[in-house]
Structure formats: C-alpha cells, structure tokens
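Please examine the structure shown below with its sequence at hand.

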Amino acid sequence: MVIGGISIWVGVTSLLLHAARHRREAWPAEKAGALIAWGGVAFPTVVLLLLLGYAVWLMPAIRPWNPLAAKDGAIEVTGEQFWWRIRYPAVGDQPAFETANEIRLPLGRPATFSLKATDVTHSFWIPALGGKMDMIPGRTNFLTLTPTRTGSYRAPCAEFCGASHAYMALSVVVMEEDDYNAWRSRLIDGQASAANEGGQLLQRHGCVGCHSLRGLQIAGQTAPDLTLIGARLSIGAGALANTPENIARFIHSPSSVKPGAKMPAFNMLPEDDIEEIARYLGGLQ
C-alpha cells in the first residue's frame, strides 16, 4: 500500500512540475490529450486496480468470509462508554469467563473477535496487529487477527464516542502459548476473599451492585469485572497506570479522570476505606 501510494504521489507531482515549466509555445492538443490519458487516467487506474486486487487478496486472512462459522470460539468484545467488556469463550473443559479493558492472546494463533456496542458506535483497532472494524449498536461484526510477536500494545477506540473517547483504550498482551494458558487458568480459578477487609468494604459500600468479582456473593453486570484487576497494565481503560494510588484516585472522583464516566464519585467515603479498597483491588493478581 505504501509503495502504491508513493508511486501515485511521484507520478502526480511529476506531472505538476512538468506542467508548471515555462514554455514559449502552447502544447499541441494531441500531445496534451495523450499526457492526460496516460498520466491522468491510465497510470492511476492501473495502480489503484492493483492495490484493490491486493486488498481483496488479503481479506480472507483479515476477516472470515462466513461470520457465522467464526461465531463459536470468538472473543466477544463489547464497546461501552467508556470501557471494553471482554468475554472469552469456553475452551475444552475450561469455562467461558469475562474480564474488562485488557485482551491477552497466544502467539501465532489466529484470534477471531465478535465485535458489539451497547450505546454508541465505537471502533476496534489494534494498530500493531492490523485491521480495524466498527462496533455498531444492534449489529455484530467479526474480525480475525494473528499476533506474530510477543509484547504489550495499546489499542485505542478509533471512532469518536463521547467526552472520554481519548481515554478509552484496550491493553493487548501477546504471550507465549504456555504463559497464555497459565494466565487463563489463573483468571478462571481466581476468587476474591469476602473475609478480607477490602472485600467487605466493597460489599458494604455497594461496589458489587455494578461490578462483578468472582468469590463475592453479589455480582453486578453494568460495570467492568474486577477479578484479578491488579494484574492488568492499566485501570480505567488505559486512563491511568495500575497502582493503588491511581485506583484510589479513580474511586474518589472518576469524572476527574474520565469525563462523562457513569461511575459516581465516592468522595464521601472515609479516606481510609478508599485506600483499603484500592490496596485490596491492587493485590488481586
């Protein structure tokens, strides 16, 4: 694509410089017509057709031709204002599970994503892996990507979705197969302790009315899952680095971090309670 774009740019610029040269006499109509036909019509048409053919050739590797066939086994990603709900499918005897704002993938294995939105249009885009797909309310789109190198990558929402659009990003971690399987098992088996003071405070102050946290009796469904949140690279969908101090800051006043966030401020809570909850969540790894 870059080579094709450069070729067109060089061709058009050359024509522009050629046409701008000073001449004593006007060009014959036949010569001018030939220049327009070959330089202005034939050349860009051939190059664009070649690029189109190349893009069509790439499509099967980027997006399944039959989305229904890819439905089973797809990682379900749902865009919400302003976070990402992630649901991994069941694999063998491992059950499905839900997490938020971070996707982990095994190296070299094609990953199919089932893309949805609950409120406004979002756009799923992992620049390091390639491919972009809109997430439209009432519709499910599919995208297949294959990670080819390990590492941590940022995946911003690529469609303006409101006040905190710039603070809505996925963390994508590509891992070796064994490391990925160990992480998946740890996340599935992870259980929060209700006996811990932090867990008791989460329940006492109503946090579990919106958030889910495996191991606690009440599991909300309207906000990000907090199971093993301490192991994530960031909090608030990429808004802040994942530290107890930043977790406390987010609990105290979410809108100061993410304008338009639906989570209410909990600045009425005692500071000791906020700090204890932040330490508790940061330790869930």
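The model is a predicted one, in which local features need pLDDT of at least 70 and side-chain atom pairs count only at pLDDT 80 or more, while totals for chains, interfaces and linings use all residues. Residues are numbered from 1 along each chain as its sequence is written, and side-chain values use heavy atoms, with hydrogens and water left out.

The largest pocket holds about 690 Å³ of space. Its lining comprises 33 residues, of which His-211, Ala-223, Pro-224, Phe-250 and Met-263 are the closest to its centre. Strand 11 (234-235), helix 6 (244-252) and helix 8 (271-282) are the elements that give two or more residues to this lining, and helix 6 provides the largest share, three residues. A pocket here is an open set of points on a 1 Å grid over the protein atoms alone, where a 1.4 Å probe fits, with protein on both sides within 12 Å along at least five of seven lines; lining residues have an atom within 4 Å of a point. The volume is the space filled by probe spheres set on the points, which are joined across faces, edges and corners. Helices (H or I, at least four residues) and strands (E, at least two) are DSSP runs, numbered from the N terminus.

The second largest pocket has about 260 Å³ of space. Among its 16 lining residues, Gly-73, Ile-75, Val-91, Arg-109 and Tyr-180 are the closest to the centre. At least two lining residues each come from strand 4 (102-106), strand 5 (111-117) and helix 4 (177-189).

Strand 4 also contains Leu-105. Leu-105 is buried, with a relative accessible area of 1%; buried means under 20% relative accessible area, with a 1.4 Å probe and protein chains only. Leu-105 and Tyr-180 are 75 residues apart in sequence, yet their C-alpha atoms are 6.8 Å apart in space. Leaving aside neighbours within four places in sequence, the contacts of Leu-105 (heavy atoms within 4.5 Å) include Ile-75, Phe-113, Val-173 and Tyr-180.

Glu-98, in strand 3 (residues 97-100), is a charged residue by class (Asp, Glu, Lys and Arg). Glu-98 counts as buried because its relative accessibility is 15%. Its side chain makes a polar contact of 2.9 Å with that of Arg-85; such a contact is a pair of N or O atoms within 3.5 Å, where within protein one must be able to donate a hydrogen and the other to accept it, and residues adjacent in sequence count only if both atoms are side-chain atoms.

In helix 5 (residues 197-204), Gly-198, Gly-199, Leu-201 and Leu-202 are buried. Seen down the helix axis, the buried residues of helix 5 fall within an arc of 160°, so they line one face of the helix; the arc is that of the directions from the axis to the C-beta atoms. These buried residues pack against helix 8.

Most residues other than glycine have a negative phi, and most peptide bonds are trans. The peptide bond from Gln-81 to Phe-82 is cis, with omega near 0°, and Phe-82 lies in the loop between strand 1 (75-80) and strand 2 (83-88). Leu-228, in the loop between helix 5 and strand 11, has a positive phi near 55°.

Conventions
Buried < 20%, exposed > 50% of the residue type's maximum accessible area, 1.4 Å probe, protein only.
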